[in-house]
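Reader: Can you walk me through this one? I'd like to start with a strand and then go to the cores.

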Amino acid sequence: METRVDEIAAGVYRLSTYVSSGPGLTFNQFLIDADEPLLFACGQRSLFASVSAAAARVVSLDRLRWITFSHVESDECGALNDWLAAAPRAVVAHGRLACSIWLNEMADRPPRTLADGEVLDLGGKKVKHIATPHLPHNWEAALCHEETTGTLFCSDLFTQLGECPATTTGDIVGAATATEDKFRFVPVTADTGPAIRGLGELAPRTLALMHGPAFVGEARRPLESLAGYYDERLRRAVAG
């Protein structure tokens, strides 16, 4: 398996590996090149050699300063300690819940706890930590928004199956809802739709998907459409 590198916004790189086994998914990590580079999502340990080699084509790993991700899952943070070993200056940063229920014990170096809404100034880039409990799933889930480029790191939101281009300006909602209909991986509550609409209020210009292409363009519309899909699914469930 080969990890492909594409710049999806100024100084924001998508590290993408297509895994044909199982349902057939792209697994994407994102590297922000700044004075203090940041990696969003670590990937599985089985992909670490390929993904880290791809990252090293963008920045030297001894420059990597920050590591974060959405929630505890193998493709989100399975290779975390491998990254900490390869990048001696790197610190993992996450919210209070993720630190207390996992990172304080499992990370090989102490984590940096981030408050909801806290902004990390990377030097040339600014990344806002957004607590999103149970979105896409898990109590400790969070997403990040890079404010200078308007890049929202979406984790599993908008997941689609199969190989895909690095970027798209087309529809990402149809494939995402088809995947959600099949796997039902988002726990839908009364908070799901409003939380997704809240992401739209950030006015992102790029949606960096973990399993799909990066959407480039006016991102409020697909976020609103995805929120409406979950609203309708909740309505049907309540109606029985």
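**Strand 10 and the cores**

Author: Strand 10 (residues 142-146) is mostly covered, with five of its five residues buried. Buried means under 20% relative accessible area, exposed over 50% and partly exposed in between (1.4 Å probe, protein chains only). Strands (E, at least two residues) and helices (H or I, at least four) are DSSP runs, numbered from the N terminus. This is a predicted model, where local features need pLDDT of at least 70 and side-chain atom pairs count only at pLDDT 80 or more, while totals for chains, interfaces and linings use all residues. Residues are numbered from 1 along each chain as its sequence is written, and side-chain values use heavy atoms, leaving out hydrogens and water.

Reader: Which residues point the other way from Ala142, Cys144 and Glu146 in strand 10?

Author: In a regular strand, side chains alternate between the two faces of the sheet. Ala142, Cys144 and Glu146 share one direction, and the other way point Leu143 and His145.

Reader: Which residue in strand 11 stands opposite glutamate 146?

Author: Strands pair if DSSP finds at least two bridges between them. Three bridges join strand 10 to strand 11 (residues 151-155), and the two run antiparallel. Opposite glutamate 146 stands threonine 151.

Reader: How many residues are in the other core, the one with Ile130 and Leu226?

Author: A nonpolar core is a set of buried Ala, Val, Leu, Ile, Met, Phe, Trp, Tyr and Cys residues joined through side-chain atoms within 4.5 Å. The largest has 31 residues, with Leu31, Leu64, Ile67, Leu80, Trp83 and Leu103 touching the most other members. Apart from it lies another core, including Ile130, Leu152, Cys154 and Leu226, of 22 residues.
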